[in-house]
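User: Could you walk me through this structure, please? I have not seen it before.
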Amino acid sequence: MRVVAGSAKGAQLKTLEGESTRPTADRVKEGMFSAVQFLLPGAEVLDLFAGSGQLGIEALSRGAAKAVFIDKSRAAADVVIQNLKTAGLFKQARVAAMEAEQYLRGTQETFDLVLLDPPYRQETVQRLLPLLEARLRENGVVLCETEKEARLPQQEGALVKKKSYVYGKIMVTKYQKEGGV
């Protein structure tokens, strides 16, 4: 697994030993970041269910100003820290080992981009969208990686589904926060 583009392009990232995580394929990452390329410069990013941190690290490499990485696994948080150091992006990041929902309920931080890659088939995205709305700045984006068959709402408060992209068995859905909705 590697960083695909930007300042840390080519950096080899570690994966979690013995954990049930799914590294995002390079072509899916390319598609995800093409969908938000103009939002990234200077953006503040939240990587929920961070796993190895590859999505947030990719965002930082492509010009995001800072990223917060959240994963309930302490082992995952440790791998994220190692990967941030390998990519030379540690100073732009904060990492916490905690449940995503707990973090969203407890923080007052807001973000320009949220990267959400939860375990599949548990309706996690549907459960977290209302909490994400409050943590997203106006015109901010949530990119959700799910199984292709996931049924996601067209709208959740001010979050409006803009597009879904299918890559084999994976679907990436883009929500954007709109003002006045």
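User: Which residues of α3 are buried?
Analyst: The buried residues of α3 are Ala76, Ala77, Val79, Val80, Asn83, Leu84 and Ala87. Buried means under 20% relative accessible area, with over 50% being exposed and the range in between partly exposed (1.4 Å probe, protein chains only). Helices (H or I, at least four residues) and strands (E, at least two) are DSSP runs, numbered from the N terminus.
User: Where do they fall around the axis of α3?
Analyst: They fall within an arc of 160° seen down the axis of α3, so they line one face of the helix. The arc is that of the directions from the helix axis to the C-beta atoms.
User: What covers them?
Analyst: The cover includes α2 (54–61), β2 (66–71) and β3 (93–97); contact means heavy atoms within 4.5 Å.
User: How reliable is the model, and how are residues numbered?
Analyst: The model is predicted: local features need pLDDT of at least 70, side-chain atom pairs count only at pLDDT 80 or more, and totals for chains, interfaces and linings use all residues. Residues are numbered from 1 along each chain as its sequence is written, and side-chain values use heavy atoms, with hydrogens and water left out.
User: What comes just after α3?
Analyst: Glycine 88, which takes a positive phi of about 70°.
User: Now the sheet: in what order do the strands run?
Analyst: The 8 strands form an open sheet in the order β3-β2-β1-β4-β5-β8-β7-β6, with mixed pairing. Two strands pair if DSSP finds at least two bridges between them.
User: Which strands stand at the edges?
Analyst: Those are β3 and β6 (155–156); each has a single partner strand, so one side of each is left without a neighbour in the sheet.
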